[in-house]
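The sequence and the structure come next.

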Amino acid sequence: AEHKRSPGWMYRLVLGAVAVVVLGTGGTAAAIAGYAGRTGPLTQEITVAAMMRAGLVVQEVSVLDRENAPSALILAALDVQRGDLMLDFDPEAARLRLEAIGWIANAYVRRELPGKIHVRLAERRPFAIWQHGGKLAVIDRGGAILTSDDVGRFGGLPVVVGANAGRMA
């Protein structure tokens, strides 16, 4: 089924953008005139309220192609919740945090105004279980450690043992 947007979404988007520009210009003028200390927080509060009325808040987050990466780590890396301002969300910073998770080779993160965040993951594939120093870890073909948690669920993978076995496998 094709999703259709309500006719008012464009109006809310334009209204929010105009409010941000007008209030931002007013805040700059106030700062130049020396009133920034008194108007800055009020200007910010009005801007936030205008963006919320315009629907520029996170309403939906979709994550595609997640297989092994823990959901809790993904949510922590995204660092966003429903109701957060869309323009406060930094897709590039979120991408970097996602790619720091062992399972994730690449992440694609984008905002879709007025209120959606889309994430597509490319996960590393488990290749072997590496035993080293009395510990077990799941590794990929390059020897990168994917996880040391719940290794038992990967019991069908070959086991490699030794200091350089992970890289040599």
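Which residue in β3 is the bridge partner of Ile-104? In this predicted model, the partner of Ile-104 is Glu-123.

## Overall architecture

The protein contains 5 helices and 7 strands. Along the sequence, the elements follow the pattern α-α-β-α-α-β-β-β-β-β-β-α. The chain has 169 residues, and 33% of them count as buried. Among contacts between residues at least 6 apart in sequence, 52% join residues at least 24 apart.

## Strand pairing around β3

Strand β3 pairs with β1 and also with β2. With β1, the pairing is parallel and runs over 5 bridges. With β2, the direction is antiparallel, and 8 bridges join the strands. β2 and β3 make up a hairpin, with 3 residues between them.

His-118 is a residue of strand β3. Ser-62 has His-118 as its bridge partner in that strand, and the side chains of His-118 and Ser-62 also make a polar contact of 2.9 Å. Apart from neighbours within four places in sequence, His-118 is in contact with Ser-62, Tyr-108, Val-109, Arg-110 and Glu-112.

## The open sheet

A set of 4 strands forms an open sheet in the order β6-β5-β4-β7, with mixed pairing. Its edge strands are β6 and β7, each of which pairs on one side only. From one strand to the next, the twist averages 45°. Strand β5, residues 135–139, pairs with β6 in the antiparallel sense over 2 bridges. Ile-139 stands opposite Ile-145 in β6.

## Nonpolar cores

The largest nonpolar core comprises 23 residues, and those with the most contacts inside it are Ile-74, Leu-78, Leu-98, Ile-104 and Ile-117. Two or more residues come from each of α3 (71–78), α4 (91–99), β2 (104–112) and β3 (116–123). In soluble globular proteins, nonpolar side chains tend to be buried together.

Leu-98 shows how these parts meet. Beyond four places in sequence, Leu-98 touches Ile-74, Ala-77, Leu-78, Ile-104, Ala-107, Val-109, Val-119 and Leu-121.

## Selected contacts and buried loop residues

The structure holds 1 aromatic pair. Trp-103 and Phe-154 form this pair, which is tilted, with 5.7 Å centre to centre and 35° between the planes. Trp-103 belongs to the loop between α4 and β2, and Phe-154 to the loop between β6 (145–147) and β7 (159–161), so the pair ties together parts that are 51 residues apart in sequence.

Asn-68 touches both members of that pair: its contacts beyond four places in sequence are Trp-103, Glu-123, Pro-126, Arg-153 and Phe-154. Asn-68 sits in the loop between β1 and α3. The side chains of Asn-68 and Arg-153 are joined by a polar contact of 3.3 Å.

Val-58 is another loop residue, placed between α2 (36–53) and β1 (60–64). Setting aside residues up to four places away in sequence, Val-58 touches Val-80, Gln-81, Arg-82, Gly-83, Asp-84, Met-86, Gly-115 and Ile-117. Ile-117 is also among the residues with the most contacts inside the largest core. The C-alpha atoms of Val-58 and Glu-112 are separated by 9.6 Å, although the two residues are 54 apart along the chain.

| Residue | Relative accessibility | Class |
|---|---|---|
| Val-58 | 2% | buried |
| Trp-103 | 3% | buried |
| Phe-154 | 9% | buried |
| Asn-68 | 11% | buried |

Buried means under 20% relative accessible area. Val-58 counts as buried because its relative accessibility is 2%, and Asn-68 counts as buried because its value is 11%.

Terms used
Residues are numbered from 1 along each chain as its sequence is written. This is a predicted model: local features need pLDDT of at least 70, side-chain atom pairs count only at pLDDT 80 or more; totals for chains, interfaces and linings use all residues. Side-chain values use heavy atoms; hydrogens and water are left out. A nonpolar core is a set of buried Ala, Val, Leu, Ile, Met, Phe, Trp, Tyr and Cys residues joined through side-chain atoms within 4.5 Å. Buried means under 20% relative accessible area, exposed over 50%, partly exposed in between (1.4 Å probe, protein chains only). Contact means heavy atoms within 4.5 Å. Rings of Phe, Tyr and Trp (its six-membered ring) pair if their centres lie within 6.5 Å; planes under 30 degrees apart count as stacked, over 60 as edge-to-face and the rest as tilted. Two strands pair if DSSP finds at least two bridges between them. Axes are lines fitted to C-alpha atoms, for helices over the stretch in contact, and angles run from 0 to 180 degrees between N-to-C directions. A polar contact is a pair of N or O atoms within 3.5 Å; within protein, one must be able to donate a hydrogen and the other to accept it, and residues adjacent in sequence count only if both atoms are side-chain atoms.
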